[in-house]
Amino acid sequence: MNSIYDSRILNLVIFSPLLVAGLLAFLPRNEKGQIRALTLGGMVLNLLTCLWAYSRFSPTSPVEFQLEYRLAWVDDLGLSYHVGVDGISMGLVLLTGVLGPLVVLSSWTFVDERVKEFHLALLVLQTAMLGAVCAVDTLLFFVFFEAMLVPMYLLIGVWGSEERQMAAMKFFLYTMVGSVLMLVALLAVYFLAAPAGMRSFDYSTLYNGLMSANRELAQYLKANPAGDGAGLSAAALALLRYGPYLFLAFALAFAIKVPMFPVHTWLPDAHVQAPVAGSIVLAGVMLKMGTYGFWRFAIPLFPVASRQFQLLLAALAVVGIVYGAFMCLAQRDIKKLIAYSSVSHLGYCMLGMLAFTAEGATGSAYQMLNHGVSTSALFLLFGFLYERRHARLMSDYGGIAKVMPVFSAFFLIVTFSSVAVPGTNGFVGEFLVLLGSYKSNLPLWLSVAATTAVVLGAAYMLWMVQKVFFGQVTHQENLGLKDLGPREVVAALPFVLLIAVMGLKPQPLLDVIDHSTQRFVARAKYAAGEGPVDDSKVRVVVRPLPKDAVAQVAPTLPPAVPAHPTPIPLPMRPVRLQPAQPQLQPATP
Amino acid sequence: MNIPHLTFQDLLPVAPAGVLVVGAIVLLLSEVFLSTAQRTYQAVIGTLTALLAGAVAMNNAFEPARAALQGYVVLDPFSQWMTVLVCLGTALASLLSAGFLNHRNAERGEFYALILFSAAGMSLLAMSAEFITLFINLEVLSISTYALTAFLRRGPRPAEAGFKYFILGAFSASLLLYGAALLYGATGSTRFLDVGLALPQAFAQQPGLVYAGFGLVLAGFAFKVAAVPFHMWTPDVYEGAPTPVTALMSAGVKAAAVVALVRTFLFLVKGLSPEVPFIAFSALALLSMVGGNLLALPQRNVKRMLAYSSIAHAGYLLLGVAALFAPATAKGSDAVGLFTATPLLGSMPNVAASVYKGLLFYLLGYTVTALGAFGTIAALERREDETRSNTWDLERFAGLAQRKPGWAAAMAAFMLSLGGVPPTVGFLGKLYLFGAAVDAGLLGLAVAGVLASVAGVYVYLRVVVYMYMRPAPADAPAPFRHWTTEVALIASAVAVVALGVLPGPVTEWFSRAGMVFGS
Amino acid sequence: MSHTVPTANYLILAAVLFCMGMLGVLLRRNALVVFMCIELMLNAANLTFLAFARERGDSIGHLSAFFIIAVAAAEAAVGLAIVIAVFRSRGTVNIEEIQSMKH
């Protein structure tokens, strides 16, 4: 069924938090209760719109980007406000939507200073994150990607702990270095993908424009691996010469965000210093922007170059997995331990993606969602503990299970999910990733190393749980700790439910991401010249820019796939006039 | 000898400057006839005059490009849009000055008249197509600015800043003039059009003379644009001048100088080996982008920091200029270097239209951002601390977010825009300029530029850190309240965000700037 | 025309004046001397214009010189006013002592 609202749902999804932020701006700053309630209401409303979008999303539809909406934005750059969701972005939208209200609940009593600004930052951040995952226009993605930085920077820098300013600055600058280089690469792609007058930052224009050049290059490289590119078309030649650099620029930006070893060093600082809400959002959604960026942009746009760097990146991913695990074993600070476990878990995500196999990609996408759930839950729960004790070291705790049984039960379940115990969501993801990497062309030792690290993962998490929760209560202060209150249970319960549902009944969610996984693998393989993949399976089909400013209702079925990508209506190019002759001729001496 | 016959069409391009001059004369007369204690109306007259002149220029901007006044000036969208930007900056600067001068009991009609004269000079400079016209307009602009800089002459800093600005301004004008004299000798004319026509032959006969002229004119302009290594006057002058004047200098003077530079060199490069101007502009761009941002790093004085930032922004503008002069045939098209143009698709695309649009859009963004940023600084200045050395220290901004959330949010928007973070106008401006540079194949230079801009982001974020993450000192002064200042700051802040999110018709208008006379 | 001074001599004189002026601006410490050096540079440009105009026999160079003289006078007026303002606030015209702002 098609509804006239379909093309507008995503606008609601993206901008409802911003609207609420607009309302919030009018509340007096002392009304802390009202501010919190309004934000919570806004986040719940946002979640409802996300669920509405999910209900309108058809996993089986052959349309890649559904619920599409497109509006001319900056004509002369071919920039449009173009949003739509495919499977993986739908999953991330849901994840972001679910985390929204929980973040507010988690900070209900934790944040008591500058409450208004805090909630404004949360709402703006929510809009930026949802915008980034829904954007189909690359520059729109970039704008949201960067716009995320400012509220997050403030969250860490204003409401964080002692070293917050350094951590916030580090976070901002690391991301900025990567993203400005990506911007230059993006501009290069923009000029490569289409001739003057046809240019656009739209994902379809960029991908379709580079598709044939990539294919041509792949076949050429198969025939002569060390060729200098003689006889290639101009675009393929440019990809041969600059493709690796462009890919590396994209990869660096996203690798910093993931974060992959060795550019992960901002993450432990940011996590340790950030307030609970900041940690949850950072771990839950923002790190996914890195993996999502690889998935959506870096790999499909540069399939040949990503093949060339496959081994390097996969090796870095495995190094990250193992290094993260060992760092966890060495930590005494619980928040730092969870942060390093993120490095390790996201290594699995990257490994699965770089396997370029169906299982690996599915596992990788699933692992993105899992990590979002389980690591956020860990930060949330630890946040409750931290609020009571204001201590981050493991040695400050011990025997907490006796004092806070409900809390301990929650924490244990989340830990199981994090160490991928069968029956939890973590298991499904990690299993698929490892399966995919064994099946891929990656060397066996990488997969073996990654598998061994699973054991390490169990070791450090259980070691931490044992030190914190079991044994005797070693500190007098811990005896008086109160167990979770109703608000905290409400905040933690959804995580546990999600862990169970995603672990025991993964199929519905796997179905949602199925099509985008297939497309991802097909795109990676198509241009690498492996196997006969039909053009039409990889080509990005999107709606053209509407002639009038108002977008029409999205079609449920794709329009008959055109032989050539639909050119986007051209903006008017300025006509260069010949300069008029001056009235006077040059004086002759 | 034929007597020149002037028509209405000839006077059209200079009409905005005419409006500005009439407004300035009215202001001077108002000082004679209507001197009252309350002089805010003078700022209003100044603002309205600037807006009227801007409207006239905007009307002109849709005219086709042509020469006027016998080829001594040109009427083209590029210069007319630049005039619109200058008028916008002038209007905002007049508004900012009202509060600033009122607080110091120094409101005088001459001040606003000088601002308008200076704006008229900027407008005429951008459309000059002859060396003597260029020189005269440069001096109209400069002399008014010298006087404005030293306006609060009793303070030690303004006089010193005015003196330094005068010495280096006159020095650079002399360089330019001597270069013009040499080129006149080589080509027999001072009109750009004739100079351009005669240059190839002159270059063949007397290459030394032409190169010397080229270099001297370039150095003269580089001083005005404040490009490294001709930047040494900038920090002192920017720091010492009354803050609204600094704002006008950083936005308007730079804009006019960049436009005049482009116009002059469109003609002056004819006959020269294409690598020479390209490498010259690339080197200036690189040095300014890197130098400006790095020199800003250790500054704790926000006004001085913004002075260095303005040098860096001159560098970004020069990056666009370098793209404009990128040689059509690239040597060794594989090698990506700092001073090589290696177009991605092998052949050099025509980037002129996007460079002009980028320059204008960047200048628009920089105008509103710089006016806003300096305006905020001006509002935090106290009259009492004119002699103190820490007047503009970062500490001034500590805790501003709690004391004055609106001001802090506006300043944060200005800082992010200077750093080129979306969704502000600064980002879109950088996108246009760097886009043109990448299109022309200046990959190395573009990468150097964006990396330098990260250093800039650090500098700007430090202001945000102080505003949002440091507690306010006990004796922190509240910004003085004056409705004109608030109007100006609100207008700038709204423009910074609104133009960044929805540039609307502006980019389409600026697309017409592709019609540059002589290109 | 054989009795007249060749153009090159004027040009060399102008170039020497210009270089003297330039070096003076960069090296001298007395504000008034610096000021005069700038006048020297402007007049070197004037001389160049006139020398070329004489050689070519056209009027552009002559016209330019008139304009330059007028503008230079206006500039000098403002410049001297500023020097006086500096002298009043500092009691000196030595450039090395007019350095209150940090670098």
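Predicted model: local features only at pLDDT ≥ 70, side-chain atom pairs only at ≥ 80, totals over all residues.
Figure 1. Among the elements of chain A, the highest mean pLDDT, 93, belongs to helix H5 (residues 138-147) of chain A, and the lowest, 76, to helix H22 (residues 535-538) of chain A. In residues 548-589 of chain A the pLDDT falls below 50. This stretch still has 76 contacts in the model beyond near neighbours in sequence.

**Figure 2. Overall form of chain A.** Chain A contains 22 helices and two strands. Taken along the principal axes, its C-alpha atoms fill a box of roughly 95 × 65 × 60 Å. The radius of gyration of chain A is 25 Å, which agrees with the value near 25 Å for a compact globule of 589 residues. Of these 589 residues, 62% count as buried. Among the contacts in chain A with a separation of 6 or more, 79% are between residues 24 or more positions apart.

**Figure 3. The hairpin of strands E1 and E2 in chain A.** Strand E1 (residues 66-74) of chain A runs antiparallel to E2(A), and six bridges join the two. One of the residues paired here is Leu71(A), whose bridge partner in E2(A) is Tyr81(A). Four residues lie between the strands of the hairpin, and Gly78(A) in the turn has a positive phi of about 70°.

**Figure 4. The side of chain A that touches chain B.** Here 40 residues of chain A are in contact with 46 residues of chain B. The elements of chain A that give two or more residues to this side are H5, helix H6 (149-159), helix H7 (164-193) and helix H9 (234-257). H7(A) makes the largest contribution, with 14 residues. By class, this side of chain A has 32 nonpolar, three polar and five charged residues.

**Figure 5. Val355(B) and its neighbours.** Val355(B) is part of helix H14 (residues 352-380) of chain B. Is Val355(B) buried or exposed? Val355(B) has 30 other C-beta atoms within 10 Å and is therefore buried. Leaving aside residues up to four places away in sequence, Val355(B) touches Gly320(B), Ala323(B), Leu324(B) and Ala436(B). Leu433(B) is 78 residues from Val355(B) in sequence, but the two are 6.5 Å apart in space, C-alpha to C-alpha.

**Figure 6. Chain C and its three helices.** Chain C has three helices and zero strands, giving the pattern α-α-α along the sequence. The C-alpha trace of chain C spans about 55 × 25 × 25 Å along its principal axes. Its radius of gyration is 17 Å, whereas a compact globule of 103 residues would have a value near 13 Å. Of the 103 residues of chain C, 36% count as buried. Among contacts in chain C between residues at least 6 apart in sequence, 47% join residues at least 24 apart.

Methods: Residues numbered from 1 in each chain as written. Chains lettered and ligands numbered in written order. pLDDT = per-residue confidence, 0-100. Contact = placed C-beta atoms within 7 Å. Nonpolar A, V, L, I, M, F, W, Y, C, P; charged D, E, K, R; others polar. Rg over C-alpha atoms; globule rule 2.2 N^0.38 Å. Buried ≥ 20, exposed ≤ 12 C-beta atoms within 10 Å, placed from the backbone. Pairing = 2+ DSSP bridges.
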